[in-house]
Amino acid sequence: MDPVAFPIDQVRAAFPALATSDDGQRRIYFDNAAGTQVPQHTIDRITDFFHRYNSNTGVFNSTSVAVDAMVAETIRAAADYLGTDDPGEVIIGANMTTLTYQLSRSLAHRFSPGDEIIISRMEHEGNVTPWLQMAEDNDLTVRWLDFDRTTWRVEPAALEALLNDRTRLLALNYASNLTGGVNNVKALTALAHKAGALVYVDAVQFASHRLIDVVDLGVDFLACSPYKFFGPHLGVVFGRRELLESLHVYKLRCASDDLPYRFSTGTPAFELIAGLMGTLEYFQWLAGLVGADGNRRALFSAAYSAMGEHEDKLSAQLLEGLNAIPGLQMQGATTLEHRVATFSFTHDRCQPSAIARQLSAAGLFCHWGDNYAMEVARALDLDPVEGVVRLGLAHYNTRDEVAEGLDLIASTLA
Ligand SMILES: Cc1ncc(COP(=O)(O)O)c(C=O)c1O
């Protein structure tokens, strides 16, 4: 059977923001690594919540019953999305950083002074500072795990050299939000587990590009942020049931002790949870467009395969063009191996802020600076303020946008 061509026109039509301009100037969204646009499915779900059942939870009013059902169904769908059969393992909260702070406070109860934690230098600060502060508050020792400057990932030998019988936790990035490098989380998790350590994975950057499978990875915790995968501004954390059940929890006395709600502090942003459901429905809709069928997980998998294949072609085109620009230095792999479509570069003459200002003024949306990947920026000896210019592709970008983007970058740096 012929593979179905990626339905780029239908995909783009599903995202109203892509047709929006600034005083007639078209926008090229290459700022997706900082946050993606949302499909109409998401917007409709949010609007529907406010039109029909805006309410608090837990009582007999029809609106409240509808909220409870929607939250439970969204958590079930999010469990399928992450690859677990157990919705009790899926916590929805404000964002990755807030959830990670919350869990670090709970996890601290398992650790004693002198215990060690390992933090990789590939991390966004969201998976660094909460652990540094936990270590400081509890007299834990922090060990730093370097990434390899040629493979752009953490090599198993580097981790093995740090593990010992006092290691309690490994904080590990799935994909770097600066270099785009992707770690072999499954292999590194197995090593950490052999030493008796827990593994907390930051999959925020990975989730925009590839489907996560928490069971296959074998991780203890994994965090992601729906606003990075075409959803609303929320955070989602997977945690293994036995850990979430046994962790000391910071919650109100009267709040539910049942999973996953024992980690939901205060009134959730119900409208955004409804929006997340819309995003997960969007993936299923996209899977239908490429001819897939099967259960929800199978549809997520088909959607991500189609998105990934399209994105890889764009990435190859972008990398080829960037690699050919004189004076431009990629800060990350120059091939597609072990990377997602997050690309950072510096230039031997022009400062990242100046480049980004010019590109943004021309409607090529991008980011600059260290992008909160402070340790990565330090490891790469980047200017601490200027950092890099970062371009992040998504599956709704096109070959024409990449070609136009490359022309703009080349003329900016000429
Ligand atoms: C890799 C990575 N981790 C963590 C975060 C922080 O996520 P949140 O904004 O949901 O706290 C980001 C945001 O840019 C990120 O890219």
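What follows covers a nonpolar core, a sheet, a helix and a strand.

This is a predicted model, in which local features need pLDDT of at least 70 and side-chain atom pairs count only at pLDDT 80 or more, while totals for chains, interfaces and linings use all residues. Residues are numbered from 1 along each chain as its sequence is written.

A residue is called buried if 20 or more other C-beta atoms lie within 10 Å of its own, exposed if 12 or fewer do, and partly exposed in between, with C-beta atoms placed from the backbone. A nonpolar core is a set of buried Ala, Val, Leu, Ile, Met, Phe, Trp, Tyr and Cys residues joined through C-beta atoms within 7 Å. The largest such core here has 121 residues, and Ala78, Val201, Ala203, Leu222 and Ala303 have the most contacts inside it. Helix H10 (residues 270-289) gives the most to this core, with 11 residues. Helices (H or I, at least four residues) and strands (E, at least two) are DSSP runs, numbered from the N terminus.

Now find the open sheet, where 7 strands lie in the order E4-E10-E9-E8-E7-E5-E6 with mixed pairing. Two strands pair if DSSP finds at least two bridges between them. Strand E4 (90-93) and strand E6 (141-145) stand at the edges with a single partner strand each, so one side of each has no neighbour in the sheet. Inside the order, strand E7 (residues 167-173) and strand E8 (residues 198-202) pair in the parallel sense over 5 bridges. Leu169 has Leu198 in E8 as its bridge partner.

Which residues of helix H5 (residues 129-138) are buried? They are Pro130, Trp131, Met134 and Ala135. The face of H5 turned away from its buried side carries the exposed residues Glu136 and Asp137. Just after H5, Asp139 takes a positive phi of about 55°.

Strand E15 (residues 388-392) has 5 of its 5 residues buried, so it is largely enclosed by the rest of the structure. In a regular strand the side chains alternate between the two faces of the sheet. In E15, Val388, Arg390 and Gly392 point one way and Val389 and Leu391 the other way. Strand E12 (residues 342-347) runs antiparallel to E15, joined to it by 4 bridges, and Phe343 has Leu391 as its bridge partner. Strand E14 (residues 367-369) also pairs with E15 in the antiparallel sense, over 3 bridges, and there Trp368 has Val389 as its bridge partner.
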